[in-house]
Amino acid sequence: MSLSYGRPYLAIPGPSVIPDPVLQAMHRASPNIYEGELHDLTHSLIPDLKSVALTDHNVAIYIGNGHAAWEAALANVIAAGDKVLVLATGRFGIGWSEIAEGLGAKVEIIDFGAQTAIDLDRAEQALAADQDGRIKAVLAVHVDTSTSVKSDIAGLRAVLDRTGHPALLMADCIASLGCDRFEMDGWGVDVMVSACQKGLMTPAGISFVFFNDKAGAAQNTAVSRYWDWRPRVKPEVYYQYFAGTAPTHHLYGLRAALDLIKSEGLDAVFARHAKIAQTVWAAVDVWGADGPMKLNVANPAQRSHAVTSIAMGSDAALELRRWTEHKCGLTLGIGLGRVPEEHYFRIGHMGHVSGHMIMGALGTIDAGLKALNIPHGRGALDAASEVIATA
Ligand SMILES: *Cc1c(COP(=O)(O)O)cnc(C)c1O
């Protein structure tokens with residue numbers, strides 16, 4: 001029999017669950033794009049996006065996914081031949097480096113593997129070795145979604161300051177914005193990229209580049225008109241916000257999503273994500289006590305609060321994902337970028353995720369382990385509910 005008739009649950013690390021108020025806000029006729037409500041709504045998004053990123057600086061909106069924001073950010077400050085240092089902790093760091101290569105940058109990658117954060121000492125050595133300051137930008141992914149590794153971006157700023165290195169600090173917060181605490185100004189980040197379909201709970205399609213004055217002063221004047229962030233942050237006419245037609249319905253959806261964050265409060269949003277992540281970790285620890293399951297990241301301080309990567313050591317991960325989806329309507333994330341991919345799965349717990357949702361997801365995984373005879377420790381749901389009980 002199938003128990004999948006009911007509301008499906010997409011528990012992957014993006015796109016995330018779309019809240020009903022976001023769906024409802026998008027369910028409307030096309031608005032007037034020349035004047036009126038849509039213009040006011042777009043203006044209203046800017047301060048709220050900045051407050052989620054904890055910055056007073058600039059934000060440019062692009063119609064595109066996270067890859068577009070990667071390219072937009074680089075195109076504005078990196079010219080062909082410029083050197084960038086990429087600190088990779090998973091597939092997304094590598095992906096950003098490939099975009100930089102495509103733009104003609106000279107890319108140096110330090111790959112920290114798939115289970116630990118950026119090693120700040122190694123980063124410091126690389127920057128100290130760059131005596132004549134040829135590295136124009138340091139690229140770091142705050143939370144690499146493929147591994148669920150979280151790195152210390154404030155610590156990276158301190159490394160740049162200690163070495164007196166002038167490079168721009170560029171952070172990818174696509175998986176962390178609105179989930180894990182991130183403070184653009186407080187942590188001294190010059191450029192930050194994000195997108196709307198993860199912590200911001202809106203269907204994929206718009207992305208953001210935040211940048212401060214130091215990044216603005218490093219402007220690559222050869223940037224193409226389309227990627228140029230200057231008209232997008234100081235539009236003289238409305239269409240310059242988007243270099244063309246506005247992404248009308250996404251803007252309504254994002255407005256509703258930002259309202260949800262505002263009404264919950266950003267600190268409460270971070271605290272909820274932390275609690276839900278701890279609930280997941282507690283369950284996996286018990287499952288793994290008597291079987292092959294293991295959290296990918298050993299150090300809790302280096303674990304994302306938005307996504308958890310779990311190693312199974314066999315194709316059991318693939319079988320489990322199939323079972324939870326087909327039997328119970330719960331879709332889990334693939335082992336993206338891992339070798340072999342079938343040995344890993346991820347639980348996305350970013351954005352619009354409540355205590356009962358995560359308990360349901362964990363209960364479904366627990367049932368799948370039993371149905372498939374995958375060895376596992378008993379009592380994971382008890383451990384999870386103990387964490388929820390102390391909320
Ligand atoms: C999802 C994600 C991306 C890619 O975003 P797309 O919208 O799929 O292009 C890049 N970086 C991180 C950290 C992500 O989580």
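Glu-183 is partly exposed, at 25% relative accessibility, a class that lies between buried (under 20% relative accessible area) and exposed (over 50%), computed with a 1.4 Å probe on protein chains only. Its salt-bridge partner is Arg-181, with 3.1 Å between the closest N and O atoms. A salt bridge here is a side-chain nitrogen of Lys or Arg within 4 Å of a carboxyl oxygen of Asp or Glu. Arg-181 also counts as partly exposed, at 36% relative accessibility. Salt bridges with shared partners also join Asp-48, Arg-255, Asp-259 and Lys-262 into one network.

This is a predicted model, in which local features need pLDDT of at least 70 and side-chain atom pairs count only at pLDDT 80 or more, while totals for chains, interfaces and linings use all residues. Residues are numbered from 1 along each chain as its sequence is written, and side-chain values use heavy atoms, with hydrogens and water left out.

The structure holds 17 salt bridges. One of them joins the side chains of Asp-20 and Arg-7, at 3.1 Å from N to O. Asp-20 belongs to helix H1 (residues 20–26) and Arg-7 to the segment before strand S1 (9–11), so this pair ties together parts 13 residues apart in sequence. Helices (H or I, at least four residues) and strands (E, at least two) are DSSP runs numbered from the N terminus. Asp-20 is partly exposed at 34% relative accessibility, whereas Arg-7 is exposed, with a relative accessible area of 67%.

Another salt bridge connects Lys-83 and Glu-108, whose closest N and O atoms are 3.1 Å apart. Lys-83 sits in strand S3 (residues 83–88) and Glu-108 in strand S4 (residues 106–111), so the pair links distant parts of the chain, 25 residues apart. Glu-108 is partly exposed, with a relative accessible area of 27%.
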